[in-house]
Structures are given as structure tokens and as C-alpha cells.
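Have the viewer open as you read.

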Amino acid sequence: MNGEKSPVLKIILIGSSGVGKSSFMNRYVNHRFTNVYRATIGTDFLSKKIHLDGETVILQLWDTAGTERFQSLGTPLYRGAHCCMLVFDVTSRASFSALEGWRKEFLIQGEPKNPSDFPFIVLGNKTDLSNREVSSRLALQWCKEIGAEYFEGSAKQDLDVEKPFLRAAQRGLQQYKKHTLENTGHFQITCKQPRETRNTCGC
């Protein structure tokens, strides 16, 4: 990238406790899965460097605790996010129904600059299980209503794990570039050494 720093994209995973946010993250970043359930206390954080659209970016994946007593952590954690992944368990209708509340909570606490244009990725986990309660059709219908993209897979069976993170990274990079240009007045400023330009700045 010609010596430039790689963009750092902050991706937030939220949803009810036990839906598999940590499992999906660990499967994607570390290629590991464990059947031992351990509730996230506060937050988990993982980082992964990927190549996206011809450039290198660094994903910061934040897994927030899905229990009420840790929701106060949302304000500092949600702010500055470039994309939000709403995660639910396809075998739990309750976890799917809770997504609207999580989405609204994120918009309130995260305070994105353009709430109506902020990218959400909806992720249904545990498709390897037979006792499914939420159909793909129902999930897609809700995603269409809120303008989100839908993916589903299984962290346990390593099914379609990479796709939602790749899409979240793409949407996050769009947000990053959009707001970086806004913050610099839509100008990309470069500076050469005086001996190369042989003149002073005329700003």
C-alpha cells in the first residue's frame, strides 16, 4: 500500500447470549471451535488482517456480551463501528425476535452519522441443527424491511463462516472511506518535501 497504514475496520457483533457470536468469531479468525460454552463477560476482541478489493485491511471484531447486565458497555464499544453484525440462533425464535431491540439499541448508543444508511449484516447461526425455528424466508423478509443483508451458517460445522465477515468488511470499508473523505472535506491531501517541490505551501 505504498507505505500507507492499512484501514482498521471496527465490526461489532451483537445478539442474545448463547447464539454463538464468540464461536463464529473464533472459527473465522482462529479456525477453531469448542463445544464448551463460556459466556462472554463484557467483551471479546479479535483481530484479522485480510486482503480486500486490492488492498490490505485490518478487521477489529468485537463480540459484546448478550446479557442485560452488560448492555451499559454498549455506548463506548458501539461508537466508531463501521459495520454491525446482528447474530441469532436459527433454532431459537426468541433470539431472532430480539434482533430488532439490539438494532435499535446499537443505533441509539452507537450514534452513527447516518443511521438510515448504516450497514447491518444479519447472521443466523447453528444451521447444522435439525430443530430449526426460524426459516430463511422469515429472516430474509425482516432483513428486507430494515435494509440489511442476510447470511446463515454453522460455526460448529464450519459452514459459510467466511462469507458474512467478508461482506461486513466490504460494507465497513465503504463506511470508512466515506467518512474519511467527509472528515477531510472531500480532499485527499499529500505533502512533498520542499526540495522536491522547490516552493512553499500556498494554502
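## Asparagine 125

Asparagine 125 is buried, with a relative accessible area of 3%; buried means under 20% relative accessible area, exposed over 50% and partly exposed in between, with a 1.4 Å probe and protein chains only. Asparagine 125 sits in strand S5. Leaving aside neighbours within four places in sequence, asparagine 125 is in contact (heavy atoms within 4.5 Å) with Val19, Gly20, Phe24, Phe88, Asp89, Val90, Gly153, Ser154 and Ala155.

A note on the source: this is a predicted model, in which local features need pLDDT of at least 70 and side-chain atom pairs count only at pLDDT 80 or more, while totals for chains, interfaces and linings use all residues. Residues are numbered from 1 along each chain as its sequence is written, and side-chain values use heavy atoms, with hydrogens and water left out.

## The chain as a whole

The chain has 7 helices and 6 strands, where helices (H or I, at least four residues) and strands (E, at least two) are DSSP runs numbered from the N terminus. In sequence order the pattern reads β-α-β-β-α-β-α-α-β-α-β-α-α. Of the 203 residues in the chain, 43% are buried. Among contacts between residues at least 6 apart in sequence, 73% join residues at least 24 apart.

## Two nonpolar cores

A nonpolar core is a set of buried Ala, Val, Leu, Ile, Met, Phe, Trp, Tyr and Cys residues joined through side-chain atoms within 4.5 Å. The largest one has 26 residues, and Ile11, Tyr28, Leu59, Leu61, Met85 and Phe165 touch the most other members. Elements giving two or more residues to this core include strand S1 (8-14), helix H1 (21-30), strand S5 (120-125) and helix H6 (162-183). A second, separate core of 23 residues includes Leu77, Cys84, Phe106 and Trp142.

Beyond its neighbours within four places in sequence, leucine 59 is in contact with residues including Leu9, Ile11, Tyr28 and Ala169.

## Helix H1

How many of the 10 residues of H1 are buried? The count is 7, so H1 is largely enclosed by the rest of the structure. The buried residues are Lys21, Ser22, Phe24, Met25, Arg27, Tyr28 and Val29. Just after H1, histidine 31 takes a positive phi of about 55°.

## Cysteines

A search of the whole structure finds 0 disulfides (pairs of cysteine sulfur atoms within 2.5 Å). For cysteine 83, the nearest cysteine sulfur is that of cysteine 84, 7.1 Å away, too far for a bond. Cysteine 83 is buried, with a relative accessible area of 0%, and cysteine 84 is buried with a value of 0%.
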